[in-house]
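Q: I would like a close look at one part of this model, followed by an account of how that part sits in the chain.

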Amino acid sequence: MDLLLDALSWALLLGGLLFFAAGSIGLLRFPDAVSRLHALTKADTLGLGLVVAGLSIRAESLLEVGQMLLIWLLLMASSATACQLLARQASEDPDDD
């Protein structure tokens, strides 16, 4: 059973790593700021969720799992808000002043 849980944990951690890499590549490759922010925000949020899930399997107490989930929830709320504000600022025309 431990071998199965270790394999599942590693699979989730590697999946999270792949989503972090995909978000970073999207940040570098997409043409405009809105596309870049969308790729980065979505991929990194899912990547962190997979990392939290993988680490939760290895956690020794429910307190640790709760702390990781709280961090992930706070990141989801703050990254969505920050992305919205940055996208709005990037899409504004500078001649509107």
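In which helix is Gly54 found? Please describe the surroundings of that helix as well.

A: Gly54 is found in helix H2, where helices are DSSP runs of H or I with at least four residues, strands are runs of E with at least two, and both are numbered from the N terminus. The model is a predicted one, in which local features need pLDDT of at least 70 and side-chain atom pairs count only at pLDDT 80 or more, while totals for chains, interfaces and linings use all residues. Residues are numbered from 1 along each chain as its sequence is written, and side-chain values use heavy atoms, with hydrogens and water left out.

At 0% relative accessibility, Gly54 counts as buried; that term means under 20% relative accessible area, whereas exposed means over 50% and partly exposed lies in between, with a 1.4 Å probe and protein chains only. Not counting residues up to four places away in sequence, Gly54 touches Ser9, Leu12 and Leu13, a contact being heavy atoms within 4.5 Å. Gly54 and Leu14 are separated by 40 residues in sequence, yet their C-alpha atoms are 8.9 Å apart in space.

Ser56 is 47 residues from Ser9 in sequence and 8.3 Å from Ser9 in space, C-alpha to C-alpha.

Elsewhere in H2, Thr45 is buried, with a relative accessible area of 14%. Outside the four places on either side in sequence, Thr45 is in contact with Trp72, Leu75, Met76 and Ser79. Helix H3 (residues 62–91) has 30 residues and reaches 43 Å from its first C-alpha to its last, close to the 44 Å expected at 1.5 Å a residue.

Turning to the whole chain, the secondary structure comes to 3 helices and 0 strands, and the elements run α-α-α from the N terminus on. The radius of gyration is 17 Å, well over the 13 Å that the globule rule gives for 97 residues, so the chain is more spread out than a compact globule; the radius is taken over C-alpha atoms, and the rule is 2.2 Å times the number of residues to the power 0.38. Along its principal axes, the C-alpha trace spans about 60 × 25 × 10 Å. Buried residues make up 26% of the 97 residues, and, of the contacts with a separation of 6 or more, 69% are accounted for by residues 24 or more positions apart.

Conventions:
Expected span 1.5 Å × (residues − 1).
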